[in-house]
Structure formats: structure tokens, C-alpha cells
Amino acid sequence: MKDKKRVLTTGFGMPVDNDLNSMTAGAKGPVLIQDVHLTEKLGHFDRERIPERVVHAKGAGAHGYFEVTHDVTKYTCAKFLSEVGKKTDIFVRFSTVGGERGSADSERDPRGFAMKFYTEEGNYDMVGNNTPVFFIRDPLKFPDFIHTQKRNPASNLKDPDMFWDFLSLTPESIHQVTILFSDRGTPRSYRNMNGYSSHTYMWYNKKGEHYWVQLHFKTEQGIDNFTGEEAERMRGVDPDCVTRDLHQSIEKGDYPSWRLEVQIMTPEQAKTYRFDPFDVTKVWPHGDFPPRDVGRFVLNRNPKNYFAEVEQAAFSPGDFVPGIGPSPDKMLQGRLFSYHDTHRHRLGPNYHLLPINAPKACRMDSYQRDGYMRLDDNGGPEPNYWPNSFSGPNPDPDLPFPKLDVSGTAARHAYELGDVDFVQPGDLYRKVMKDKDREHLVSNIVGHLKNAQKRIQLRQTALFYKADSDYGQRVAKGLGLNVDEVKKLAAMSQEERAEATAK
Ligand code: NDP
């Protein structure tokens with residue numbers, strides 16, 4: 001038995017005789033530079049950390065499968081959706097957004113909901129959130145928005161002034177702010193929340209006919225949230241409570257599952273719909289576009305190694321398969337660039353070759369070559385250019401990608417700042433929320449906004465008032481603000497309001 005024991009080696013495979021004592025000149029040192037085992041060990045340790053994600057740094061993931069339950073072949077030719085009963089392997093990563101890798105799981109924050117489907121036509125990533133909308137709808141605002149949700153550049157502390165100053169000067173954020181400050185902003189576990197594509201995407205069929213779609217992943221465990229107080233307490237009691245919940249439930253065979261529903265809009269409907277279907281601050285009301293069942297997914301296997309499978313997992317909303325494509329949603333268009341870009345920075349240009357990111361159900365056959373950490377045979381002797389008259393892979397001109405007419409004036413077009421931005425948050429407050437939800441919403445907002453300067457409190461409360469007068473009045477009362485002053489600000493245009501509340 002003894003000779004079957006595994007022998008420790010260096011990273012290059014050389015057997016190591018002693019892993020407790022550095023090589024020294026004499027018992028008391030100094031250490032010899034010829035102890036290459038020591039310098040290799042320290043050198044690797046010094047480089048263990050990779051840049052954490054700028055957003056979605058803290059996450060938890062699991063493997064599982066997706067199964068088609070309803071026929072959607074009329075709308076998409078994606079092969080993994082081609083047959084009822086068809087199963088596809090998936091990997092899912094849930095996350096918080098603003099906090100660092102060591103931050104608490106119960107922080108008030110949207111939750112990331114990123115899925116990788118290992119299909120026979122390549123990997124399809126669905127990179128959504130647990131909210132159906134987003135704070136902004138132009139990618140030019142994204143870096144500014146994230147700066148305000150992170151730490152103050154001088155104090156390195158989270159800063160309620162920065163947080164609310166930006167949001168109150170960005171009125172289109174009001175819908176997402178209302179969802180974030182409801183108890184859905186602090187899910188009790190990743191298993192107890194829905195996932196949404198948030199953006200509108202395109203589905204197209206074999207004939208090249210296209211549809212606009214929004215995806216909803218509905219939890220089969222039921223929605224369950226921490227109250228504001230519980231979430232705050234859990235930050236101290238168990239900052240990893242949500243990560244722990246996911247891992248432990250899968251470990252004991254209690255596999256979480258979600259149903260996939262799709263809302264479908266035809267291109268004709270999109271032209272005249274009362275809300276801009278490509279504005280990510282809006283939903284498509286269910287009454288207008290009823291969700292239809294598509295499938296179901298189950299998470300049934302924990303990662304064996306967190307770094308290899310979760311930290312190195314790289315998702316991009318730009319990873320499509322034939323049958324699924326982008327929409328003109330401006331925020332989505334920015335993300336199509338940014339996700340691949342951030343992974344190249346974080347993991348290197350060949351991150352797609354890492355086992356968790358590589359296609360599993362088909363062969364990757366491209367002309368990309370070289371670059372740091374090329375882990376495979378780099379294409380061997382195959383041609384590395386196209387066109388070639390040797391045996392390299394050929395583009396497939398028969399793929400039915402729809403041809404879309406696009407025209408317009410090249411300019412920095414602004415969205416019209418109108419009352420339409422307040423309709424859906426108002427509906428959510430009045431029609432969807434129950435008394436208790438409204439009570440929690442107001443107290444969650446007051447508990448946070450009270451830490452901002454009064455002029456910022458007033459400006460933000462005017463936005464709540466514009467969504468719903470009762471909503472605005474209750475926040476104003478909670479903050480001890482003069483309701484008449486809030487009403488006056490609410491009646492102004494956004495520019496006038498910004499002017500009236502400037503420092
Ligand atoms: P519906 O009554 O058909 O749908 C309301 C939706 O709101 C349900 O999907 C429900 O999710 C969700 N919901 C319930 N409580 C909250 C909350 N605190 N925060 C966020 N979502 C919540 O109404 P409409 O489709 O006409 O939409 C009305 C409003 O509901 C919208 O303006 C929007 O704010 C919100 N909403 C709409 C969604 C949509 O896709 N239409 C999706 C999510 C929210 P569940 O089924 O899981 O309980």
C-alpha cells in the first residue's frame with residue numbers, strides 16, 4: 001500500500017521531499033534562493049487572486065438541466081428548444097450586485113440570475129436579474145450609476161448622498177427603485193426568487209420570421225423575502241446565509257427548480273405599443289402579453305471547486321444560439337460589448353476555453369488563435385485564416401438570421417422624460433402590492449433615504465409622489481418632510497426640480 005501513496009510534486013511534476021522546512025544555510029537561516037519549491041509556492045500564492053467582478057462580485061452557482069415542456073418551434077429554431085422533453089445541461093450563477101466578494105448576502109440589492117445552456121449549437125447565456133426592469137436604459141450611464149452604488153472615493157464608505165443623488169436625478173430609475181425597496185430587494189434565498197431576462201430579446205424561426213420576447217423564470221419554491229429588519233440582522237448572524245442555503249439544499253437532495261415563461265410580441269405590435277418595448281425600465285403588462293409556458297430547470301449538482309466553476313464562470317448576454325438574438329434595447333447593446341470585455345480583462349482572452357465556459361455539446365471551431373493561456377492545441381496545423389482552400393471550417397450562409405431594416409439620424413438621442421416613466425411603478429404600488437408590502441416599502445425607503453441630505457430627500461420623494469401621491473406622502477411623512485414642498489417639486493419638470501434642489 002505504502003508505495004501507492006500519492007507523492008507531492010511541484011507545479012511541474014518534480015517530487016517534493018519536504019513541505020515543512022525551507023532550505024537554509026544553517027539551522028537559523030538565511031533561506032537559500034536555490035529552494036525553487038519554496039519560491040514557486042510563494043510565487044503562485046502571490047498571484048492567487050484575480051480581479052473581482054466590478055459588479056456581481058459575490059455569487060453562488062450550481063449545475064443542473066433545462067427541460068422543454070411546451071412547443072415553441074413556431075417562434076424559435078433554437079435546437080435546445082426544438083422538442084418537448086428535450087433536456088440541456090446548464091450552469092447557473094446567482095449573485096448580489098454592488099457588494100464586494102466578501103459582502104453580506106442579505107444586502108438590499110438586485111440579484112444576478114445568470115444561466116449558461118450547453119447546447120449543441122454552442123453555449124447560450126441568459127444573463128438576467130431577479131427584477132424585470134433596470135435603473136437606467138442607456139449604457140452611457142452605467143459606470144456612473146455603479147460608482148454611486150459603491151464606495152465614496154474619499155471616505156471609502158457607502159454613501160447615501162451619492163446613492164440617492166444619482167437616482168433622484170435619473171427619474172427613469174423609479175420603477176426599479178420601487179422593486180428594490182420592496183421586500184423583493186432582500187430575497188430570503190436564491191431559491192426563493194424569480195429570474196427575468198429584463199431586456200427584450202429576439203426569437204426567430206426557421207423561416208427567418210422574428211418575434212420580440214421577454215423571459216421569466218418563476219421559482220417553484222415560492223417567493224420568500226427577508227423583511228428589512230431580518231435582512232439587517234442576517235448581515236451579522238450569517239453573511240453567507242443565501243450561499244449556504246443553496247449549497248446545503250442541493251447537498252441534501254432538495255433540488256430547486258424554476259419554470260420558464262415567455263412573453264411574445266410581434267414586430268407589428270411593437271411599432272404601436274403604448275410602452276417602448278425596448279426600454280428596460282418597463283415591463284410588458286401580463287394582461288397585454290400573457291406569459292406562456294416553455295420549460296423548467298432544476299439545479300441538482302453543487303460545484304466541486306468554487307474557483308474553477310463559479311469564480312471563473314463567464315456569462316455574456318452576447319452568447320446567442322441560432323433562433324435567439326438581440327433587440328435594439330440600448331442597455332442590452334452596451335452589455336453585448338461589456339461582458340465579453342470584462343471577462344477578457346478578468347480571465348484573459350482565452351477564457352472561453354476554461355472547462356466551465358467551453359461548449360460541451362458541440363465542437364468549438366473558430367480561427368481564433370494564440371493569446372495568453374491558450375489551453376488547448378491552438379488549432380494544431382489547421383489553417384488560421386478565412387477564406388482558405390484547405391479544410392478549415394466554413395460559415396453557414398443558410399442560418400436564418402432575420403434581416404432587419406434600420407434607419408435614422410446618427411445623434412445622441414435622448415429618451416423623452418415624460419410621465420410614462422411613473423405609470424408602471426404607480427401600478428405596482430397601487431394594484432400589485434398589498435397593505436403590508438406598501439408598509440415595508442415605505443419603511444425600507446425611509447430607513448435608507450433618511451441618511452441623505454434633505455434637498456436630495458425632497459427631490460427623490462417628489463419622484464415617489466409622481467408615481468403615486470399616497471406613496472410620496474407616506475415617504476415624506478416618514479422622513480419628516482413638508483408634504484406641500486414635495487408636491488411643489490413633483491409638479492416641476494425634471495430640469496426645474498434639479499435646479500430647485502441643487503446645492
Ligand atoms: P400582474 O398582476 O399581471 O403581475 C404583477 C407581477 O408583479 C407578478 O409577476 C408578480 O410576481 C410581481 N410582483 C408582486 N409583488 C412584487 C414586488 N413587490 N416587486 C416586483 N414585482 C412584484 O400585473 P402587470 O403585468 O399588469 O404588472 C403590474 C406591475 O407589476 C408592473 O407595473 C410591474 O411593476 C410589476 N411586475 C410586472 C411584471 C410583468 O412582467 N408584467 C413582472 C414583475 C413585476 P409573482 O408572479 O412572482 O408574484
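Residues are numbered from 1 along each chain as its sequence is written, and side-chain values use heavy atoms, with hydrogens and water left out. As the model is predicted, local features require pLDDT of at least 70 and side-chain atom pairs count only at pLDDT 80 or more, whereas totals for chains, interfaces and linings use all residues.

The protein is divided into domain 1 (1-26 + 35-48), domain 2 (59-135 + 184-353) and domain 3 (137-169 + 422-503); these bounds come from an automatic or database domain assignment. Between domain 1 and domain 3, the C-alpha centres are separated by 57 Å.

Helices (H or I, at least four residues) and strands (E, at least two) are DSSP runs, numbered from the N terminus.

A side-chain N or O atom of Lys218 lies 3.3 Å from an oxygen atom of the ligand. The backbone also takes part: an N or O atom of the Trp284 backbone is 3.1 Å from a ligand nitrogen atom, and one of the Gln424 backbone is 3.1 Å from a ligand oxygen atom. On its own the ligand has 790 Å² of accessible area, of which the protein covers 76%. Accessible areas come from the Shrake-Rupley method with a 1.4 Å probe; for residues, only the protein chains shown count as cover.

Rings of Phe, Tyr and Trp (its six-membered ring) pair if their centres lie within 6.5 Å; planes under 30 degrees apart count as stacked, over 60 as edge-to-face and the rest as tilted. By this rule the count is 34 aromatic pairs. The rings of Phe113 and Trp258 have centres 5.9 Å apart and planes at 85°, so this pair is edge-to-face. The pair links distant parts of the chain, with Phe113 in strand S3 (residues 111-119) and Trp258 in strand S8 (residues 257-265), 145 residues apart. Both Phe113 and Trp258 are buried, where buried means under 20% relative accessible area, exposed over 50% and partly exposed in between (1.4 Å probe, protein chains only). A stacked pair is formed by Tyr429 and Tyr471, at 4.6 Å centre to centre and with 10° between the planes. These two residues, 42 residues apart, lie in helix H10 and helix H13 (residues 469-479), respectively. Tyr429 is buried at 2% relative accessibility, and Tyr471 is buried at 0%. Ring pairs also join Phe94, Phe113, Tyr190, Phe217, Trp258 and Phe297 into a cluster.

Thr501 is located in the segment after helix H15 (494-500) and is buried, with a relative accessible area of 4%. The side chain of Thr501 makes a polar contact of 2.7 Å with the side chain of Arg459, and a polar atom of the Thr501 side chain lies 2.7 Å from the backbone oxygen of Arg497. Asp276, in the loop between helix H7 (267-272) and strand S9 (292-301), is partly exposed at 35% relative accessible area. The side chain of Asp276 reaches the backbone nitrogen of Phe278 at 2.8 Å.

Most residues other than glycine have a negative phi, and most peptide bonds are trans. A cis peptide bond joins Gly29 and Pro30, with omega about 0°, and the bond from Trp386 to Pro387 is also cis, with omega near 5°. His56, which is not a glycine, has a positive phi of about 65°.

Terms used. Polar contact = N/O pair within 3.5 Å; in protein donor to acceptor, adjacent residues only side chain to side chain.
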